[in-house]
Amino acid sequence: MTKIALCGNPNAGKTTVFNALSGMNLRVGNYNGATVSAFEKEVTKDTSICDLPGVFSLSPDTPDEISACEYLENQADRALVVVDGTSPENSAPIFTALREMKIPAAAVVTMSDILRRDGSSFDCEKAEKVLGIRVFMYEKIEKNQLKSFVLTSEYSVPSCENEEKLHSDLADCVKNRREAKVCAIDRLLFGKHGNIAEFCLVIAVMLPIFLIYSVISPLISSFLEALVDFLRQIFLSYSGGMPYLLRRFVSDAVFGGALSVVGFIPPVMMVYAYLTFLEESGIAPRLCVCFSPFTSAIGISSRAAIPFMLGFGCTVPAIDSLRAVDEESAKRASYVLPFFQCSAKFPVYAAFAGVFFGRKFSLDVLLIYACGVCFALAFGLLLRLFGRQKRICDVVELPRYRMPSFSSVMRSSGEKCADTVKKIATVLLLISAAAWVMNYVTVSDSKSLMQCVSGIVSPIFAPLGFGNDLSSASLIAGVFAKEGVLTSLSVFSGEGGVKYVLRELFSRASAVSFLTFFALYPPCVASITKMRAEFGGLHTVKCVMFQFAAAYVSSYFVYQILNYLAILFLR
Amino acid sequence: MGYNMDMTEIYFSMRKIFLSELKVGEEAVVTEENPPKYVQKYGIKQGVRVKLLGKTASGGVIVCYSGKYFAIDKQLAERITARL
């Protein structure tokens, strides 16, 4: 099997070339570190291609760069170097390293659209003479020709010796190079009134997420919930002959569980589409710069701002993207990453806000998300205070702005939507079924199995104001999937509905305390597993313990303060 | 007097400054012999010409090198020397 490695500078378009060659749809992004691990795919019986994370040279210092270099050194038979046509000289260290390793290579030049827009062009013939290998433009050949071109092209070891000379020779391959110009947005961001502009950018970026959750979501949710309820009624009216237990199970566990979360699929899909837009447009790296006072305050690299942003969607890919950050920062960021509220928590917040805060629903949801960021900052500062001090210095590459294609945004959000539906059909259905069985099966003294199990845990939560069996059981369900909290509460409530059970179980103070605990306690099993794979078991245990302690202490203080204030005002 | 002024101009144009001291639009050649590894990997090393395009709110600098823009944070910009 011949292994062809796709290597090159970060953000040069390697994944785009890989997708064109393999017919896959791997995630692309307009920033350094969009690809964080090597991904191999067979394209013919005896050839496979591998998409590698971007590197500037073969002396790596982040986990993603290390994995790329290891693959090139130990596994690759050939290398297809993806060269950014706007700055080909940056690939010089890669060509000299390939020569030293004696790896046969060919090069594909991308970004020809930007060159065309600038009135520049890339001289492939000159590049071939300089490098001594085959060089071709990506956009000059059709996508179906690309595969045969890559597979049949002649690969040879680069002939360049002197890196300095190669650097200037490659720079000369760009004809009519224009001087770099700063676009209007960047002039505002990094100009005289940059502080205000950066603050405005952060607000402008966050606002659509809050709008989706607080304005658009309630409109769509109510429609979908009505639809599921309608289907439930049809089922009940036509299932008279069914065994009673099975009928109750389908009605309470399947329809009841689905009813609690189905309404939140469209907003989650919209948030993912928006996050994809931010990633592909080039706004995400600018956010890193805007968030640098926040990240440097907690002693981590500003590049961690992208994983934090992705955390608003789902914690699992956010942990994955920490690979593009230096190890020290990644480990520290992993402690506070789950405090950025993922989209799976939204149904729970929406249900609680609807019951306890009525009209101010949207503002409360907004407040919860803002509180999550504040908690991340506060606990990050605390970690820095007690942890080892290390000066974090940062360089962030700011790519050109690019308008993402509608199809790529829709494809990405469609995949996430499919994942959410799959989760509802598998994990959440299992949680519903388990909750229903545990609630139905009586063990001893007319106590249900759920009461017996959660009875062991509930005294721990008593000082926080929600030491009852149902809320304890729902928090356990939330460990498997965050939406599980609402699904299990919905199953426990039976025909009364979630609103009824929430009013029965919580006062306002205990509801806020419960939400504080829910917002900060360890993430779902999938995230914990991912964290273990990235940072090892010991660090994961430390993270989980830290997050549990942070949730418990914060929730305790919130409950006590709210009770104190209530007593104060009642006097 | 005129002679002295020219010498002063020459002196100031040749002096070493930190990247953080550059003004927007100014170009400088990096003279720092040992920039940190994470700066070198972007190609910003001794002898390369960078242009300052702007400053960030937190005191960092935006430089252009080889057709690409880089945001360098304040602490780092205060360490890398360059000659105008």
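Q: Axes are lines fitted to C-alpha atoms, for helices over the stretch in contact, and angles run from 0 to 180 degrees between N-to-C directions. With that settled, why are α17(A) and α24(A) called roughly antiparallel?

A: One caution about the source: this is a predicted model, where local features need pLDDT of at least 70 and side-chain atom pairs count only at pLDDT 80 or more, while totals for chains, interfaces and linings use all residues. Residues are numbered from 1 along each chain as its sequence is written, with chains lettered from A and ligands numbered from 1 in the order in which they are written. Now the helices: α17 (residues 346-356) and α24 (residues 508-520), both of chain A, pack at about 170°, with axes 11 Å apart. Angles over 145 degrees count as roughly antiparallel (under 35 is roughly parallel, 65 to 115 roughly perpendicular, the rest oblique), so this pair is roughly antiparallel.

Q: What makes the contact between α17(A) and α24(A), residue by residue?

A: From α17(A) come A:V348, A:Y349, A:F352 and A:F356, and they meet A:R508, A:A511, A:L515 and A:F518 of α24(A). Being in contact takes C-beta atoms, placed from the backbone, within 7 Å. By class, that gives 7 nonpolar, no polar and 1 charged residues.

Q: How do you know that α12(A) is largely enclosed by the rest of the structure?

A: Check the count: 7 of the 8 residues of α12 (residues 283-290) of chain A are buried, so the helix is largely enclosed. Buried means 20 or more other C-beta atoms within 10 Å of a residue's own (12 or fewer is exposed, in between is partly exposed). As for chain B, 42% of its 84 residues are buried.

Q: What makes β9(A) and β5(B) a pair?

A: Bridges do: 4 of them join β9(A) to β5 (residues 68-72) of chain B, running antiparallel. DSSP has to find at least two bridges between strands, so these two qualify. A:V396 stands opposite B:A71 in β5(B).

Q: What makes up the side of chain A that touches chain B?

A: Each chain puts 26 residues into the contact. In chain A, α9 (194-238), α13 (292-297) and β9 (395-398) each supply at least two residues, and β9(A) gives the largest share, 4 residues. By class, this side has 10 nonpolar, 9 polar and 7 charged residues.

Notes. Two residues are in contact if their C-beta atoms, placed from the backbone, lie within 7 Å. Ala, Val, Leu, Ile, Met, Phe, Trp, Tyr, Cys and Pro count as nonpolar, Asp, Glu, Lys and Arg as charged, and the others, Gly among them, as polar.
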